[in-house]
Amino acid sequence: MRLSDIDGQIAYDLEEFCEEYGHPRGRSFTFEVTCDAVTYVYADVVGTVCDGTVTFELISDDLVCTRKAH
């Protein structure tokens with residue numbers, strides 16, 4: 001994963017996501033993604049539901065902090 005205008009995306013099967021976290025409609029989520037010993041924290045990310053999948057775009061505007069492993 002490389003930081004860019006769109007850092008990446010995470011997609012889930014909608015049914016499985018709903019069972020684990022509830023329906024994403026109207027809700028925001030926080031994601032921690034670790035790559036090359038750096039953890040990127042994205043907050044207030046809203047998903048898009050389409051064809052049985054919920055997709056979260058991880059963009060630099062939602063990046064709230066980074067942490068390096070020691």
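A residue is called buried when its relative accessible area is under 20%, exposed when it is over 50%, and partly exposed in between (1.4 Å probe, protein chains only). Keep that in mind for the views below, which come from a predicted model where local features need pLDDT of at least 70, side-chain atom pairs count only at pLDDT 80 or more, and totals for chains, interfaces and linings use all residues. Residues are numbered from 1 along each chain as its sequence is written, and side-chain values use heavy atoms, with hydrogens and water left out.

**View 1. Aspartate 62, a buried charge without a salt bridge.** Look for aspartate 62 in the loop between strand S4 (53-59) and S5; strands are DSSP runs (E, at least two residues) and helices are too (H or I, at least four), numbered from the N terminus. Here Lys and Arg count as positive and Asp and Glu as negative, while His and the chain ends are not counted. Setting aside neighbours within four places in sequence, aspartate 62 is in contact (heavy atoms within 4.5 Å) with Val41, Tyr42, Ala43, Asp44, Val45 and Glu57.

**View 2. The salt bridge between glutamate 32 and arginine 67.** A salt bridge is a side-chain nitrogen of Lys or Arg within 4 Å of a carboxyl oxygen of Asp or Glu. How many does a search of the whole structure find? It finds one. In the pair of glutamate 32 and arginine 67, the closest N and O atoms are 2.9 Å apart. The two partners link distant parts of the chain, 35 residues apart: glutamate 32 lies in strand S2 (residues 28-35) and arginine 67 in strand S5 (residues 63-68). Glutamate 32 counts as exposed because its relative accessibility is 54%, whereas arginine 67, at 39%, counts as partly exposed.

**View 3. A negative surface patch.** Asp13, Glu15, Glu16, Glu19 and Glu20 form this patch. Patch residues have over 30% relative accessible area and no salt bridge, and like charges are joined within 9 Å (nonpolar side chains, Val, Leu, Ile, Met, Phe, Trp and Tyr, within 5 Å). Helix H1 (residues 14-21) gives the largest share, four residues. Glutamate 19 sits in helix H1, and its 62% relative accessibility is why glutamate 19 counts as exposed.

**View 4. Alanine 11 in strand S1 (residues 6-13).** With a relative accessible area of 51%, alanine 11 is exposed. Not counting residues up to four places away in sequence, alanine 11 touches Thr53, Val54 and Thr55.

Notes
Accessible areas come from the Shrake-Rupley method with a 1.4 Å probe; for residues, only the protein chains shown count as cover. The place of a charge is taken as NZ of Lys, CZ of Arg, CG of Asp or CD of Glu.
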